[in-house]
Amino acid sequence: MSRVKPRPSRTTHEHDGELVVFLIGMRINRWWRPDQWLPVFGAMGPMLTELFRDPDSGITGLRVTIGRGGPVLVQYWTSLEKLYAYASSPDQAHRPAWSAFNRRARSAPGAVGIWHETFVVERAESMYVDVPVSGLAQATRSVPVGPRSDTARDRVADGRTSPRASG
């Protein structure tokens, strides 16, 4: 259980600009092969540390959960280009980790799987009641629910994630 105290209120998120949600997970197919899945599991920590230490990396938030077969990370990014730049940079932790995963996968096919899904979000709606700031509200801005954002329909109508047109 989290020791962070809940906020006794109703809040939502607020965001202007591009929003990318990136899900990445690992599926442990052969639990008896920790030599194959532990290195994959262990590679994520250095990557996240590297990303969060660099304010220009593009990552703004993270949520970790357990999915069917293994861990799932929900990452919030400010742009698709920044996500791709990190993934392809030879000077950062992802490329060596990806190469190492591919070498291990060839030596023990099927022992561990990885997957990802990328969403460029045009609109987003959120509601948080009596919980600590988390998820999308933590990755963007947490704001009180007001009269113009009382219903999910109202929040999604105003939940644009691209820059708002002036005028």
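In what order do the elements of the chain run from the N terminus on? I began there, and read off β-β-α-β-β-α-α-β-β-α-β-α. I keep in mind throughout that this is a predicted model.

**Entry 1: the whole chain**

I counted 5 helices and 7 strands in the chain. I then looked up the extent of the C-alpha atoms, which fill a box of roughly 60 × 35 × 25 Å along the principal axes. Of the 167 residues, 37% count as buried. I also checked how far apart in sequence the contacts reach: among those between residues at least 6 apart, 76% join residues at least 24 apart.

**Entry 2: α1 against α3**

Next I turned to a pair of helices, α1 (residues 34-53) and α3 (residues 94-107). Their axes lie 10 Å apart, and the packing angle is about 175°. Angles over 145 degrees count as roughly antiparallel, so I noted α1 as roughly antiparallel to α3.

Which residues of α1 meet α3? I found D35, Q36, P39, V40, A43 and M47 on the α1 side. Facing them from α3 are H94, A97, F101, R104 and S107. Sorted by class, this contact has 6 nonpolar, 3 polar and 2 charged residues.

**Entry 3: the largest pocket**

I went looking for open space, and the largest pocket holds about 650 Å³ of it. How many residues line this pocket? I got 30, with F22, I24, M44, M47 and H94 nearest the centre.

Then I asked which elements give two or more residues to the lining. They are β2 (20-28), α1, β4 (70-77), α2 (80-88), α3 and β5 (112-120). Helix α1 gives the most, with 8 residues. By class, the lining divides into 23 nonpolar, 6 polar and 1 charged.

Last, I stopped at D130, which has a positive phi of about 55° although it is not a glycine. I made a note of this because most residues other than glycine have a negative phi. Where does D130 sit? I placed D130 in the loop between β6 (128-129) and α4 (135-139).

Is D130 buried, exposed or partly exposed? Its relative accessible area is 45%.

Definitions and conventions. Residues numbered from 1 in each chain as written. Predicted model: local features only at pLDDT ≥ 70, side-chain atom pairs only at ≥ 80, totals over all residues. Heavy atoms only, no water. Axes fitted to C-alpha atoms, helices over the stretch in contact; angles between N-to-C directions. Helix = DSSP H or I, 4+ residues; strand = E, 2+ residues; numbered from the N terminus. Parallel < 35°, antiparallel > 145°, perpendicular 65-115°, else oblique. Contact = heavy atoms within 4.5 Å. Nonpolar A, V, L, I, M, F, W, Y, C, P; charged D, E, K, R; others polar. 1 Å grid on protein atoms, 1.4 Å probe; cavity = no way out; pocket = protein on both sides within 12 Å on 5 of 7 lines; lining within 4 Å. Points joined across faces, edges and corners; volume = space filled by probe spheres on them. Buried < 20%, exposed > 50% of the residue type's maximum accessible area, 1.4 Å probe, protein only.
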